[in-house]
Every structure is written in structure tokens, then in C-alpha cells.
Amino acid sequence: MSQPTEPRTTRPTDQRPTLSRRHALGGVAGVGLGLPLLAACGGDDSSATDPAGGSGASSGGSPSTAGSEGAEGSGGSGGSSAFASTSDVPVGSGAVFPDEGLVVTQPTEGEFLGFSITCTHQGCPVDSVSDAGISCPCHGSIFDLSSGAPTAGPATSALGSVSLTVDGDEISRA
Ligand code: FES
């Protein structure tokens, strides 16, 4: 009854020594390489499919991140082009923005003017603004808040004018 199936046992026995070793080695190597991969995949899959950790973290993080981004965005760091807030520039004075290469003045409330920080005397960057004007530290030139024209020192020509755009409380280059 069950004996007719025995021929298999005799045939493979003859051929197995060479084939089975190769297959066995290949299989061992395959299993050896495959197990870590499977284990890694299994680990990733199980953790990825585990909604508890992922959704919990993202739902916890999203609102606070979105909330802080929204607050920062409306606060003036908008990013793309705005480099300053109107509150950074005092009325009757101004502020230097070295990274932008700009001085922004506000001679009268709500009037924002932009100038190059490069002194027209010998090219030093101006570094401070007061009600007296925009000052160059190198040789003492002072430039007018409204026109950028020199009012003191060796400089004889005005600072370069830079057009600005004021949108709400954000200041950017025009
Ligand atoms: S470089 Fe500014 S005063 Fe000389």
C-alpha cells in the first residue's frame, strides 16, 4: 500500500551526495542571509503596522508643530523674503541687518527706508544707527536717516538706496 512510493528513497540516495551538499550549502547560506533580512523586514513591518506608536507620536506632534509654525509665521519670521519685523526698527532711528547687507531706517512712524550698509567712503560696513544718523565706524562718516546723504565725516556721497516692501509687520526687499 504505501510501498510504491519508495523508489524515491533509492534514487536520491545515489545522487544526493554531490547535489545535496551544494544545495545544502546554498540553502544554509541562503537561510543565513535570509534570516536577518526576514527578521529585519518582520521588525520593520510589525513596528510600521503598529499604529499605536506612530499615530500617537504624529498626532501628538502635529498640532504643536503646526501651532508653533503658525505663530512664528504670523510673528514675522515668514522665511522666504521677510528679513525683519517693523518692531525691529525704532522710530526716528533704524537698525543694521548685516546678513542682508542692509540698513533700515524709520525716520517717521510707518516710513521704512532701506540703504546699503557699504559706506561710500572706503567701503566699510556701517554698523549703527541712532537719531543722529547711520554711522560708519571706520572714519566717522554719518549718513542721514531719510536720504542716506552724508552729514558728517569724509564720505561725500549717499548710501545706496534699497527699495523695501512692508507687508503687515514684515519687511522684505521689494
Ligand atoms: S569707510 Fe566709512 S567713513 Fe571711511
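Ser 85 sits in strand β1 (residues 82–85); helices (H or I, at least four residues) and strands (E, at least two) are DSSP runs, numbered from the N terminus. The model is predicted: local features need pLDDT of at least 70, side-chain atom pairs count only at pLDDT 80 or more, and totals for chains, interfaces and linings use all residues. Residue numbers start from 1 along each chain as its sequence is written. The protein has two helices and 11 strands, in the sequence pattern α-α-β-β-β-β-β-β-β-β-β-β-β.

- Ser 85 counts as partly exposed because it has 15 C-beta neighbours inside 10 Å; a residue is buried with 20 or more other C-beta atoms within 10 Å of its own, exposed with 12 or fewer, and partly exposed in between, C-beta atoms being placed from the backbone.
- Between Ser 85 and Val 166 the C-alpha to C-alpha distance is 8.9 Å, while in sequence they are 81 residues apart.
- An open, antiparallel sheet of three strands runs in the order β1-β11-β10, where two strands pair if DSSP finds at least two bridges between them.
- β1 and β10 (164–167) are at the edges with a single partner strand each, so one side of each lacks a neighbour in the sheet.
- On average, neighbouring strands of this sheet are turned by 30° against each other, direction ignored; axes are lines fitted to C-alpha atoms, for helices over the stretch in contact, and angles run from 0 to 180 degrees between N-to-C directions.
- Three bridges join β1 to strand β11 (residues 170–173) in the antiparallel sense, and Ala 84 has Ile 171 in β11 as its bridge partner.

**The four-stranded sheet**

- A second topic is the open sheet of four strands with the order β5-β6-β7-β8 and antiparallel pairing.
- Its edge strands, β5 (128–130) and β8 (150–152), each pair on one side only.
- Strands β6 (residues 133–135) and β7 (residues 142–143) are antiparallel and share two bridges; Ser 135 has Ile 142 in β7 as its bridge partner.

- Of the 174 residues in the protein, 15% are buried.
- Among contacts between residues at least 6 apart in sequence, 39% join residues at least 24 apart.

Conventions
Two residues are in contact if their C-beta atoms, placed from the backbone, lie within 7 Å.
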